[in-house]
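Trainee: I am new to this structure and would like to go through it slowly, one question at a time.
Mentor: Then let us begin by looking at it together.

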Amino acid sequence: MSSPVPGTIYAERLARLRAELAARGLDGFVVPISDEHMSEYVGAYAQRMAWLTGFGGSAGTAAVLPTKAAVFVDGRYTVQVRDQVDGTLFDYVGVPQSSVAEWLGANVSAGQKVGYDPWLHSIDWARNLEKALAAKGVSLVAVTPNPLDAAWDDQPAPSDEVVTVHDTALAGQSAVEKREIIADWLKAKGLDTTVMTALDSIAWTFNIRGQDVSHTPVGLAFALLHADATADLFIAPEKVTDAVRAHLGNSVRIHDRDAFETALADLSGKAVAVDPDRAVAAIFTALEAAGAKVERHRDPAVLPKAIKNDTELDGTRAAHVRDGVAVARFLKWMEEVAPEGNLDELGAAAKLREFRDANGALKDLSFDTISAAGPNGALPHYKVDETTNRAIETGTLYLVDSGGQYADGTTDITRTIAIGTPTAEMRRRFTQVLKGHIALATARFPKGTRGSQLDILARQYLWADGVDYAHGTGHGVGTYLAVHEGPQRIAKPAGGQAGTEEPLHAGMILSNEPGYYKAGHFGIRIENLVVVIPQSIAGAEEEMLGFETITFAPIAQNLVDVALLSDAEADWLDAYHAEVLEKLGAGMAGEERAWLEAACAPLDRTPAALAA
């Protein structure tokens with residue numbers, strides 16, 4: 001990878017921000033990767049940290065003082081931040097080992113003022129930082145409009161793409177029914193209104209989709225939902241077509257998005273539910289100033305959105321078969337082309353997109369494809385661009401993590417393949433990852449089990465060798481919505497990972513993606529999506545659940561050390577490949593079909609193979 005060059009445009013941008021802060025009487029400012037909706041992925045207009053620092057990851061924060069600045073990222077981005085951010089301009093700070101509060105506390109002086117945009121941070125973050133700085137005699141000041149926006153002279157405008165109707169035939173439930181569910185929840189809690197800010201929750205509740213955030217089909221909007229099942233939707237009027245207005249009906253009042261803050265002031269005396277994890281500090285401040293009775297509750301759309309109905313599950317199964325054909329065609333192509341030595345990461349990603357486009361149903365990718373060759377594969381959240389693009393060389397591993405957005409479902413799949421002959425170490429680690437994948441895929445567990453209780457199943461074989469991976473094992477996935485969807489998650493319970501203590505419910509979709517990463521050498525990940533389903537067990541005394549795998553594409557058999565598999569594990573892989581052939585075979589013909597049959601053939605368990 002290349003290193004950032006000192007004296008770039010980022011020095012100029014940092015100077016412009018500092019000048020703007022000085023003009024406003026501020027001694028510092030905090031810049032998160034966030035938007036007014038606390039989104040994981042944000043539109044181009046909200047990529048403030050990327051503009052200021054050059055960092056292209058999806059999670060991080062920057063802090064700027066008159067003579068010092070820092071970027072804060074977790075372990076996923078330790079390498080990436082050093083590649084993209086000029087270390088002469090910004091300190092590199094790892095979290096959770098340190099924090100914005102600790103760094104500011106060590107670098108500010110009594111009497112100084114540090115600003116933040118209350119539309120980009122949670123209320124708890126703001127209050128905790130305010131308390132920490134007050135101990136140093138420093139004031140934390142809510143600042144609007146955002147001073148960075150004043151320095152960003154060519155800042156893109158928010159997207160003006162129209163929203164569209166997500167038909168009930170795909171959603172499985174009408175928007176009216178969904179509002180009634182939320183209204184019943186409000187009445188049961190003795191509440192008048194809930195503030196909805198999460199873009200995927202709004203899209204799900206109103207059965208609408210948009211194009212305002214790359215790879216996530218949502219529209220920029222806020223909503224107030226009331227106990228009488230009516231709602232107020234705040235969205236730029238030009239984004240709402242006559243068809244959408246007709247779909248929403250008279251019970252949904254449409255307002256300009258800019259009117260949202262004023263509408264909060266009109267909730268005086270009302271009992272209002274607000275989600276502190278999804279609503280920004282400015283919303284709490286406005287409601288409290290208006291005299292509303294603010295109660296903290298999780299967004300009431302989060303859990304019903306995560307528990308898919310039969311229509312959504314049938315749709316996502318169909319989307320995965322369609323997507324699996326594209327991935328299988330790509331894997332065949334890679335097997336033929338990559339050993340020639342003329343392929344790089346960008347070229348491979350483009351070809352995979354071409355195969356997906358060919359099915360005629362693709363709306364978008366579900367995230368930027370992770371196309372990672374050799375040592376780049378050891379970066380779990382690697383993002384290829386012109387500066388990091390690496391040739392795919394013989395004797396290396398190639399990891400591709402990708403997905404598609406279809407009207408009937410969202411996909412997310414990772415496959416790792418060997419370019420040429422893999423080493424014994426590569427095969428051992430790949431097989432350990434596979435064993436963990438199988439252990440999770442075949443798990444049976446009582447109703448009420450949390451993701452944190454299952455995580456060890458995927459790690460146990462790596463742990464036996466004293467190795468591990470630094471990311472979660474599974475995240476929730478939407479249906480034609482966010483590829484990362486809460487509240488469920490499979491991960492270690494330590495570190496306050498959101499969702500690990502959420503009970504798993506039948507109908508939830510999660511990823512199953514253990515991995516292994518050898519820094520500077522290679523990365524391995526095997527990812528399928530699974531659905532939580534009821535399990536019927538003879539003589540069972542508990543209500544049991546398990547997983548149905550819904551992702552279908554061959555798993556590289558030349559990376560499997562069959563001698564390390566138990567008979568049950570080998571049987572699982574053979575059965576999985578038989579299902580892959582059954583599901584995808586109809587979409588592949590001729591040489592592609594022949595390749596699929598070979599890739600899905602039963603494992604060679606002969607003594608010679610076991611001794612290899």
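Trainee: Which residue's backbone oxygen does the side chain of S34 reach?
Mentor: This is a predicted model, in which local features need pLDDT of at least 70, side-chain atom pairs count only at pLDDT 80 or more, and totals for chains, interfaces and linings use all residues. Residues are numbered from 1 along each chain as its sequence is written, and side-chain values use heavy atoms, with hydrogens and water left out. S34 lies in the loop between β1 (28-32) and α2 (48-53), where helices (H or I, at least four residues) and strands (E, at least two) are DSSP runs numbered from the N terminus. At 3.2 Å, its side chain reaches the backbone oxygen of L120.

Trainee: Is S34 buried or exposed?
Mentor: Buried means under 20% relative accessible area and exposed over 50%, with partly exposed in between (1.4 Å probe, protein chains only). Because the relative accessibility of S34 is 5%, S34 counts as buried.

Trainee: At which residue does α17 bend?
Mentor: Helix α17 covers residues 451-463, and its buried residues include L454, A458 and L462. The bend is the angle between axes fitted to the seven residues ending at a residue and the seven starting there. For α17 that angle is about 35°, at L457.

Technical notes
The expected span of a helix is 1.5 Å times one less than its number of residues. A polar contact is a pair of N or O atoms within 3.5 Å; within protein, one must be able to donate a hydrogen and the other to accept it, and residues adjacent in sequence count only if both atoms are side-chain atoms.
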